[in-house]
Amino acid sequence: MDFLPIFMNVKGRLCLVVGGGEVAKRKAGVLLEAGAKVRVVAPEIDPSLSEQAGVVSIVARFDEQHLEGVMLVIAATNDRGVNEHVSVHARERNIPVNVVDDPELCSFIMPAIMDRSPLMVAFSSGGASPVLTRMMRGKLESLIPQNFSRLAAFAERFREQVKQRVTNPAKRRIFWENALDGVVAEKVLTGDEISAESMLQQMLADEDNIVRGEVYLVGAGPGDPDLLTFRALRLMQKADVVVYDNLVSKPIVDMTRRDAERIYVGKKRADHTLRQEEINALLVRLAHEGKRVLRLKGGDPFIFGRGGEEIETLAAENIPFQVVPGITAASGVASYAGIPLTHRDYAQSCMFVTGHLKDGTMNLDWDALARPRQTVVVYMGLQGLDTLCAKLVEHGMPDATPIAIVQQGTTQNQRVVTGTLSTLPGIAAVEKLHAPTLIIIGGVVTLREKLQWFHPHHD
Ligand code: SAH
C-alpha cells in the first residue's frame with residue numbers, strides 16, 4: 001500500500017486552493033461539496049470561481065502567509081515553480097498538500113470518487129494510471145445503482161433502533177445483511193420506503209426468524225446478454241438458486257452467481273420438463289427454505305410468460321417477490337432484424353398475439369388481426385404458420401402482405417426469412433426453421449431492406 005486512504009472532515013474548515021483557472025475551480029468545487037470554506041489565491045481568478053458561495057478570494061501571488069489557519073492545500077497553477085513553493089511551505093508546517101498532476105510534490109493525492117452519499121467510494125492508482133482508475137470507477141458506477149444513497153440514508157435512519165432491539169452484534173450483522181441485500185433494500189431502491197419500513201419493522205418484531213426467502217421473477221430479454229437490465233443483472237448475482245427456462249440463453253445463465261444452484265425447468269412445446277404447477281410449487285418450496293430464488297424467464301415475464309400465474313401462487317403463500325421487466329421478443333427481435341414495429345406510413349398500432357395451437361386450432365380474433373395499417377407480431381406461431389396465413393387472407397388481408405419470420409433473434413444465430421402471406425409457408429418449409437421464432441406481419445417488414453445495412457446484426 002503506497003498511500004493511506006482516509007476520508008477527512010473539512011466541514012466549516014478553511015482550505016487553500018492556489019490557482020485561479022479551470023483546474024483550480026474543479027478542485028475548489030470538490031472542497032465546497034464536502035462543506036469546506038475555500039480560500040483561493042492567484043493573480044487572476046476566474047469570476048465563476050471567485051463568486052461561488054463559500055469562496056474567499058485573494059488576488060495576489062502565493063505567499064507563505066496564505067497558509068495561515070489552513071488545514072489542507074491544493075496547488076493547481078500551471079507554474080511548476082509556484083506549485084513547488086506551495087508544496088515546500090505546506091510541508092514545513094505539516095499541512096497536507098496536493099499538487100495537481102505532480103505526485104512527487106504531494107503529501108496526499110485526490111482519488112477519483114463515486115458519490116452515493118453518505119456512501120462514498122474513492123479510487124486511486126497511487127498516481128500510476130489515472131485512466132485506469134477512471135475505468136475502474138466506470139465499471140462500478142454501472143454496478144451500483146444511483147439510488148444506493150437512499151439505501152444508506154434508510155439504514156442510517158434505523159440504525160439506532162436496530163441496535164437497541166438486536167443487541168447481539170453477530171445477529172445484528174446478519175439482520176442488516178438480510179435487510180440491505182433483500183426485499184427491504186429492493187423496496188427502498190424502487191422508492192417505496194413505506195413498504196420497506198413496514199417490512200423492516202416486521203423483521204425486527206420477528207427477530208428469531210429473520211432468514212426469509214424471496215423470489216425474483218426476472219425477464220432476461222430475448223437472448224443477447226447486452227439486453228439485460230441493470231436490475232436483472234444485480235439480482236442474478238445475488239440469488240442463491242436460479243430456476244430457468246430453455247428460452248434463457250446460455251451466456252445469460254452463465255452470468256448468474258457462480259456458486260448458485262441452477263435448476264432447469266425448460267418448457268419446449270409438447271415436451272414440458274416440469275408442468276407449470278410443478279414450477280409454482282418448486283418456487284414456493286425453495287423460498288420456504290429461506291433461499292433467494294431467481295426465476296429467470298425469456299423476454300418479459302408478463303408477456304406470454306405465465307409470470308402472472310407464478311406470482312399468484314407466491315402471493316397466496318405470503319412469499320415476498322418482485323417482478324423485473326425484460327425486453328420482450330417482439331421489441332428486441334424487431335430492432336435486431338431492422339423492422340420498426342410502428343411507422344407513420346405503415347402502421348399506427350401493433351398487436352402481440354400468441355399462435356399457440358390449442359386442440360389443433362388457433363383461437364384468434366381474425367377480423368381484428370386482418371385490419372389494415374397495423375403490425376401483428378405472433379409469438380409461438382411457427383407450428384401454425386400455414387393456418388395463420390390462410391386465415392388472415394380469408395379475413396381480408398391482401399395475400400401480398402409482407403411477413404417475416406425471425407429465428408433466434410438477437411443471438412449470434414439470428415436468421416430472418418421474409419415473404420408474403422401467400423409465399424412464406426412454402427419458403428419456411430424449405431428453410432427448415434426451428435423454435436424460437438417470431439412472426440412479424442405488415443407493411444413495416446419491407447423497411448428491413450432499407451434499414452438492415454445499418455444494423456450490426458443483419459444477416
Ligand atoms: N416472455 C417471452 C415470450 C415467451 S413465449 C417474451 O416476452 O419474449 C415464447 C415465444 O417467444 C417463442 O415461441 C417465440 O415466439 C418468442 N421468442 C422468444 N425469444 C425469441 C427469440 N430470441 N427469437 C425469436 N422469437 C423469440
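Asp259 is exposed in the predicted model, with a relative accessibility of 57%. Its side chain meets that of Arg257 in a salt bridge, with an N to O distance of 2.8 Å. Arg257 itself counts as partly exposed, at 22% relative accessibility. Salt bridges with shared partners also occur, and these join Glu186, Arg231, Arg234 and Lys238 into one network.

Within this network, Lys238 forms a salt bridge with Glu186, and the closest N and O atoms of the pair are 3.2 Å apart. The two residues are separated by 52 positions, and the pair links distant parts of the chain. Glu186 belongs to helix H7 (residues 183-189), whereas Lys238 is located in the loop between helix H9 (230-236) and strand E9 (241-244). Lys238 has a relative accessible area of 8% and is therefore buried, the limit for that class being under 20%. Glu186 is buried as well, because its relative accessible area is 4%.

A further salt bridge connects Asp254 with Lys250, the closest N and O atoms lying 2.9 Å apart. Lys250 is exposed, with a relative accessibility of 59%, and Asp254 is partly exposed, at 43%. In total, the structure contains 23 salt bridges.

The largest nonpolar core comprises 22 residues. Those touching the most other members are Leu385, Leu388, Leu392, Ile403, Ile439 and Ile441. At least two residues of this core are supplied by each of helix H14 (366-369), strand E16 (374-379), helix H15 (385-394), strand E17 (402-407), helix H16 (424-431) and strand E19 (437-441). Helix H15 provides the largest share, namely four residues.

When residues up to four places away in sequence are not counted, Ile441 touches Gln374, Thr375, Val376, Val378, Leu388, Leu392, Met397, Thr401, Pro402, Ile403 and Leu421. Among these contacts, Leu388, Leu392 and Ile403 also belong to the group of core residues that touch the most other members. Another core, of 20 residues, lies apart from the largest one; Cys15, Ala42, Met71 and Ala76 are among its members.

Note on methods:
Residues numbered from 1 in each chain as written. Predicted model: local features only at pLDDT ≥ 70, side-chain atom pairs only at ≥ 80, totals over all residues. Heavy atoms only, no water. Salt bridge = Lys/Arg side-chain N within 4 Å of Asp/Glu carboxyl O. Buried < 20%, exposed > 50% of the residue type's maximum accessible area, 1.4 Å probe, protein only. Core = buried A, V, L, I, M, F, W, Y, C linked by side-chain atoms within 4.5 Å. Contact = heavy atoms within 4.5 Å.
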